[in-house]
Amino acid sequence: MFPDRLALQLKSATDHPDSIIGSNFTREPEGSTARYTNWCNSLSGDSLYQQQYRETTLAMPTWFMARQVYEKVGGFCETYCSPEDLIFFHRHLDQGGGLYKVPVPLVMYRYHPGQTSFKIHRLTLTQVRMDAFVRRVLSLPSWSRFTIWGAGRDGRKFFKMLPPDAKAHVAAFCDVDPKKIGTPYQYYDHFVPVVHFSDAVKPFVVC
């Protein structure tokens, strides 16, 4: 923890009492998870919300919040190998909570091969994000019909993980590959058309 962390984040929490307050961070060893570190440290303002379904946009070791924020969410889910930070993050957003970052490094985030986060299965993380997306986005009237951008592996995986009632709202996949366009994608009793992106109907889920 850097010497001025508490003072800077306390001020931000006072100004943004309903928010999780994060910060940028450094890595030890230097250069560890460089792609993730650069992405996370580059986020601020609206991008903290816009990229919420990719990953927690505030790295959990940098979190600082008022007790009322913590208690409103109900604390952490501490089941073994559950992504407690991701679950807390999305429950907080479910309740209209805010996100704010002090845009300077205030924490040294140590990397080591045995850290618990590596034991969490990728599909578990994806399911938590999917559940949040269904709750907060697909429940909106404007998303009664939507298009999945990309009929490849990631788009099909997204479709498969949708709950049954949400699958019915998928109007089509869109793609640029002529081998895919015009051939419906079949998943059990679901047949979803694959159209050229120029014929696709908004809104889009980009996978």
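Trainee: What percentage of the contacts in the chain with a separation of 6 or more comes from residues 24 or more positions apart?
Mentor: The model is predicted: local features need pLDDT of at least 70, side-chain atom pairs count only at pLDDT 80 or more, and totals for chains, interfaces and linings use all residues. Residues are numbered from 1 along each chain as its sequence is written, and side-chain values use heavy atoms, without hydrogens and water. A contact means heavy atoms within 4.5 Å. Among contacts with a separation of 6 or more, residues 24 or more positions apart account for 67%.

Trainee: How many helices and strands does the chain have?
Mentor: Helices (H or I, at least four residues) and strands (E, at least two) are DSSP runs, numbered from the N terminus. The chain has eight helices and eight strands.

Trainee: Are α6 and α7 roughly parallel or roughly perpendicular to each other?
Mentor: Axes are lines fitted to C-alpha atoms, for helices over the stretch in contact, with angles from 0 to 180 degrees between N-to-C directions. Angles under 35 degrees count as roughly parallel, over 145 as roughly antiparallel, 65 to 115 as roughly perpendicular and the rest as oblique. Helix α6 (residues 122-138) packs on α7 (residues 153-161) at about 65 degrees, with the axes 10 Å apart. The pair is therefore roughly perpendicular.

Trainee: How are α5 and α6 oriented to each other, roughly parallel or roughly antiparallel?
Mentor: The axis of α5 (residues 84-94) comes within 10 Å of that of α6, and the two cross at roughly 5 degrees. The contact includes Leu86 and His90 in α5, and Leu125 and Arg129 in α6. The two helices are therefore roughly parallel.

Trainee: Which elements are included in what covers the buried residues of α6?
Mentor: Buried means under 20% relative accessible area, exposed over 50%, and partly exposed in between (1.4 Å probe, protein chains only). In α6 the buried residues include Val128, Met130, Phe133 and Leu138. Their cover includes α5, β3 (146-149), α7, α8 (164-167) and β8 (204-206).

Trainee: Is threonine 147 buried or exposed?
Mentor: Threonine 147 lies in strand β3. Not counting residues up to four places away in sequence, its contacts include Phe173, Cys174, Val201 and Phe204. Its relative accessibility is 1%, so threonine 147 counts as buried.
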